[in-house]
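Reader: I would like a close look at a single part of this model, the place where the ligand sits. Please take me through what surrounds the ligand and what touches it.

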Amino acid sequence: MNIGALLRIALRALAINKLRSALTMLGIVIGVGAVIVMIGVGAGAQKRVEEQIRALGSNLLLIMSGARTQGGVRLALGSGQTLSEDDALAINREIPEALAAPALRGGAQVIWGNANWSTQIYGTTPEYLVVREWQLAAGRAFEPAEMSGAGKVCLIGATVARQLFGSADPVDQVIRIKRVPFTVIGVLETKGQSLMGTDQDDVIIVPISTARARVLGSATQAKQRAVATIWVKAAEGYDTKVVEEQVRALLRQRHRLQPGSDDDFSLRNLQEVMSAQEASSRVLALLLAAVASVSLLVGGIGIMNIMLVSVTERTREIGLRMALGARTRDILGQFLVEAVTLSLIGGLIGVGLGLAASVAIGSFLGWRVLLAPEAVGLAVSFAFVIGVFFGFYPARKAARLNPVEALRFE
Amino acid sequence: MLIEARELVKIYAMGEAEVRALAGVSADIAAGEFIAVMGPSGSGKSTFMNLLGCLDRQTSGEYLLAGERVSQLGPDRLARVRNRQIGFVFQHFNLLARTPAVENVELPLVYAGVPGKQRRDRAMAMLARVGLAERAHHQPAQLSGGQQQRVAIARALVTEPLLILADEPTGALDSRTSLEIMALFQELNRQGMTVVLVTHENDVARFARRILRFRDGRIVRDEPNAAADAARALRAEAVPA
Ligand SMILES: Nc1ncnc2c1ncn2[C@@H]1O[C@H](COP(=O)(O)OP(=O)(O)OP(=O)(O)O)[C@@H](O)[C@H]1O
Ligand SMILES: [Mg+2]
């Protein structure tokens, strides 16, 4: 008997008990759906973390001035002005495996010709581009003379370039930042969204001395060399945790903090922030994996149960088929195909629902969910294997019936 | 000789006790015979039929079907013998529910591996032969008992077997319909088909040309049926053409 004939018999038998067949499939539907969502969420989360690492730079520490808490009151980070450019210099000098870039930040209006745009101004040092692993799409980086002499030069992000210049070439053009003319010497590569979802390309980078003197003004920074943040990159191959502790120790020593007192800065390991996010999506994936395996197991048992019922109900049919010339393998094949059909139809419905649920999770929770064809293949093979595994026992039971007793069965 | 049965014994083990369903049955049946098997309930008629039909194996004794010692065959070969050489008709028709008549008739051909188109043609031809060509696409539930049994007979005939075995084929039919079905068997026999059927009713047995009477697992009488000619006459007046 060929598979087409067996399939036709199976579909007819399943169609006779539509509701029962549908309920039997439910476990497989849920299990396979959960597998699809699980893989989608897992792959999406991993992709997101990868992208963020690419966007942010790897092995990053972010130091912000101001304690996390002071006397129980949480201060706005960056408001304490406890960090200075000299802290960054000290890190670069004392900790060879760390590279630090101090940064000042503020908003400003930028004008080129008739175009104007409101953006972020970053005053920092050339190390910043290294720390952030940020390449130039065009032009050149700052020269030492421009750093020390508060040169009126800037690097612009891709968003700023697009907003001000459209398709024109920004390099060597002069723009006005708070009415001060700056020469654009380079355009930064596109970075995309940050961890917080802000556009990292909406930025203009100027030498830190220039920022202090011309753009952000000393009024915002009471101390001459104070900075809001210091970005630190641990060199490749070093544990960011170790570097983090070295940096913390150095800063505490420089800030003359007593042992036991709180830090007057906040030091965050961005790697950990990202891994925490990854971990939370991994928890969800694990949860889904548990739901999936339980549902698949229950679904499989359900199929076995219904197939056993079906074999009993159809004992006379089995006896008849044997009398008409069905061999053991024909009967085995018939019930196996029926079980597999049941689980595969459930599996396909599960794939459909899983994909729909993935899209829904993606759009309602804002999670990134990847729909991988491998996941569909995997889930369908799962359903197939379950059908064979749990269908085998009832099918064998049917195939082993004695034809006389089967025909006599009431 | 189509069938040679020698001292067939069938013992069922019922826990401690044994049931001797057949206690040494010998019979020869030639091709083209029309035999009625009769006897009281529990006398071993069905057991005998099951052995003839290769559905079961005897405890001892010998059974040759068309010269072949079928009791020595493995299960798959036996299935093949049932498929090609024997046509079964049952008391309760045993048609597949919700399956059109023609597909029921096709079923043995499915197991014989006959391709679909040829299968359909042969099934339709066989339905025509039992007078049900226009009901080919009806499901069993849409057919009368007599019509269902005709479909079952078409199914038994479709592989062109050596013999038809029918265990109480009229047991579930009213007497008028029984006569119609028996007329059909008689017609088939006239065309050369060997028919062995079990019945309790003399009216039914009358159609056969030889009667085997069972009692306590033995054949107690084996005689030609003198009433056969009378039955033919009865059929002519009872069944409209
Ligand atoms: N599977 C079985 N297990 C045990 N005993 C059985 C089995 N099948 C039949 N028997 C016994 O064998 C004997 C013969 O049974 P069989 O079915 O051949 O009778 P029968 O002549 O067909 O009777 P009926 O006219 O009622 O159909 C009976 O005593 C029956 O109880
Ligand atoms: Mg009987």
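Author: In this predicted model, an oxygen atom of ligand 1 lies 2.5 Å from a polar side-chain atom of B:T47. On the side of chain A, the side chain of A:R408 has an N or O atom 2.8 Å from a nitrogen atom of ligand 1. The protein buries 73% of the 630 Å² that ligand 1 exposes when taken alone.

Three elements of chain B each give two or more residues to the shell around the ligand: the strands β1 (3-14) and β2 (17-29), and the helix α1 (45-52). Of these, α1(B) supplies the largest share of the shell, with three residues. In total, 15 residues surround ligand 1, and the closest are B:S41, B:G42, B:K45, B:S46 and B:T47. Sorted by class, the shell holds seven polar, five nonpolar and three charged residues. As for its place in the assembly, ligand 1 lies between chains A and B.

Chain A also has a feature of another kind, a nonpolar surface patch. A:L19, A:L23, A:L26, A:I30 and A:V291 make this patch of about 480 Å². Helix α2 (residues 18-56) of chain A gives the largest share of the patch, four residues. A:L19 lies in that helix, and A:L19 counts as exposed because its relative accessibility is 62%, where the cut-off for exposed is over 50%.

Key
Residues are numbered from 1 along each chain as its sequence is written. Chains are lettered from A and ligands numbered from 1 in the order in which they are written. This is a predicted model: local features need pLDDT of at least 70, side-chain atom pairs count only at pLDDT 80 or more; totals for chains, interfaces and linings use all residues. Side-chain values use heavy atoms; hydrogens and water are left out. A residue is near a molecule or strand if one of its heavy atoms lies within 4 Å of it. A polar contact is a pair of N or O atoms within 3.5 Å; within protein, one must be able to donate a hydrogen and the other to accept it, and residues adjacent in sequence count only if both atoms are side-chain atoms. Accessible areas come from the Shrake-Rupley method with a 1.4 Å probe; for residues, only the protein chains shown count as cover. Ala, Val, Leu, Ile, Met, Phe, Trp, Tyr, Cys and Pro count as nonpolar, Asp, Glu, Lys and Arg as charged, and the others, Gly among them, as polar. Patches are made of residues with over 30% relative accessible area and no salt bridge: like charges are joined within 9 Å, nonpolar side chains (Val, Leu, Ile, Met, Phe, Trp, Tyr) within 5 Å. A salt bridge is a side-chain nitrogen of Lys or Arg within 4 Å of a carboxyl oxygen of Asp or Glu. Buried means under 20% relative accessible area, exposed over 50%, partly exposed in between (1.4 Å probe, protein chains only).
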